[in-house]
Amino acid sequence: MGTIKHGLAAVALAASIAAGAAAQAKELVVAIETDIRGFEAIQGRVLGIAASTVMNAVADRLIQRDANGDIEPQLATAWEASADGKTYTYTLRKGVKFHNGDDFTARDVAEHWNRLLDPANKYFGRLFFSPIQKVVADGDHTVTFQLAHPWIPMERLHAGVNFGTYVPSSRAVAEETMMREPVGTGAFMLSEWRSGDRLIVDRNPNYWDKDKISLDRVVFRIIPDQATRYAALQAGEVDMIWTDRGDTILKAKEEGETIVHERVGQGAIINFMNTARPPFDNVDARRAVQHAWDQGVYLKVSFKDTVPAVEHPLGASSTCDAGYRGPDRDKAKAFAAKYEAAAGKPIAFEMIHTSTQRGRESGEIMQQLNKRAGITVNLQPVDQLQLRQKVFTNNYDMSGWRIADAQDVGPQLFALLHSKSPYNLTKYNNPAMDDLLVKMRTAATGEARAEAMCNVVRLMNDEVPIQYRGGRKHYTIVGADIDGLRPLYQGVPDVRYITKN
């Protein structure tokens, strides 16, 4: 697709500069890894790091995390839960306008959420918040979320970074322009999008919190190659880059000419084992491969130890004793022998991985570690689209994936592990796990939920439909003249409050 220009934003920038806030526009240039699929929830399906970075600039949520990690108001000024925990009511900010001039009201929130909740629309992420039954606009500035049962994640839901939390213009959605021309209430508005090259957003002069915004323009340059991104930062061509490459992170820290921001989150880098077909329909095969695996080796080679090993996806603050099956070649061989005695043949499986350097490293290390335990791993490189298609059609033995960093990983665990879930991509089926997942979802207190969640992870670690490759640690590197970057919640750099000296 060619260039998209938003005339209103261009006029807004010109007016802002002419008003005299500064003689020259304050421009931030951010290098992102990939182009954006789009900004409409049902068509866009999932917000990755790059899309979330842009979305956070152009659209607002009801609540958000402040610089200290605490919840603070955004489009909602107050909220409360009913005594039974089944109703959450939000009071909305008055006087807020969308980029197209429309007033922001409770109707926009209700229409957005009910559209995502409608099974007929087949929204990809609906299962993650399915305890929400209905959203009702009570006048212009009050909206109520009605739940099927008490649901602890609801307390932090709207501070998350996903399609559900960002409120789009109802008119833009109805006119089917939101995908490529996003209209939100955010601090910046899209002015230009050159596919495969860059997106440009300009300051919203009517932003309800405009006194906290100092930048006039943000340019998101699409630079897929990590080395090229870092070279552009060193040359002063960009002000900020996202990276997950250990060599770049270590080099930036050693050189000290830029500032490295980092944050450990929840979730994990994982491998799926397809429990619906041999060899992983046998728990002994899964346990053998798990004991043959060594996160430490993988993280040292592929991430240069810039990502931590994990025994569960619940985050560093969790005290869960997860019963993790660590690397143990003798146990791997014992479980492999047990499988061979029952199946009449040794363990052999195919691992699909992306054709990227990171994907090849993952496959080769998996192959080498399993070979030491007498297990054969055949590698099949595919592009990202093929990998997703194979996983969603259950046409794989093992595949890389992730448990995304989130405000709360519980909804993902439910989706990944419940036998009736359409997002159960390993086809894992255990009635005991289903019971634990329901207890986790319906727990009335944080303590009861934490216990249930730990029990879920403990059973998952015992039967190993999901294998950890590492934890979630996020990095952004910025120029020395950049200040005001908030912590990387869910790995997303927040450009809104940045100042450039």
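First, some housekeeping. This is a predicted model, where local features need pLDDT of at least 70 and side-chain atom pairs count only at pLDDT 80 or more, while totals for chains, interfaces and linings use all residues. Numbering starts from 1 along each chain as its sequence is written, and side-chain values use heavy atoms, with hydrogens and water left out.

**Stop 1: the cavities**

On a 1 Å grid over the protein atoms alone, a cavity is a set of points where a 1.4 Å probe fits but cannot get out. Points are joined across faces, edges and corners, and a volume is the space filled by probe spheres set on them. The count comes to five cavities of 30 Å³ or more.

Select Asn56, Arg61, Val161, Tyr489 and Asp494: of the 15 residues lining the largest cavity (an atom within 4 Å of a point), these are the closest to its centre. That lining has six nonpolar, four polar and five charged residues. Here Ala, Val, Leu, Ile, Met, Phe, Trp, Tyr, Cys and Pro count as nonpolar, Asp, Glu, Lys and Arg as charged, and the others, Gly among them, as polar.

Next, pick helix α4 (residues 106-117), which gives the most to the lining of the second largest cavity, with three residues. This cavity has a volume of about 60 Å³, and its lining includes Phe39, His112, Arg115, Leu116 and Phe163. By class you get nine nonpolar, one polar and two charged residues.

**Stop 2: an open pocket**

A pocket is an open set with protein on both sides within 12 Å along at least five of seven lines. Go to Arg156, Gln266, Leu314, Ser317 and Gln407, which lie nearest the centre of the second largest pocket among its 26 lining residues. About 630 Å³ of space lies in there. Helix α15 gives the most to the lining, with six residues. The classes split into 10 nonpolar, nine polar and seven charged.

**Stop 3**

Helices here are DSSP runs (H or I, at least four residues), numbered from the N terminus.

Show side chains for the contact (heavy atoms within 4.5 Å): among them are Met433, Leu436 and Met440 of α14, and Met453, Val456 and Leu459 of α15. The contact has 10 nonpolar, one polar and two charged residues.

Definitions and conventions:
Helices (H or I, at least four residues) and strands (E, at least two) are DSSP runs, numbered from the N terminus.
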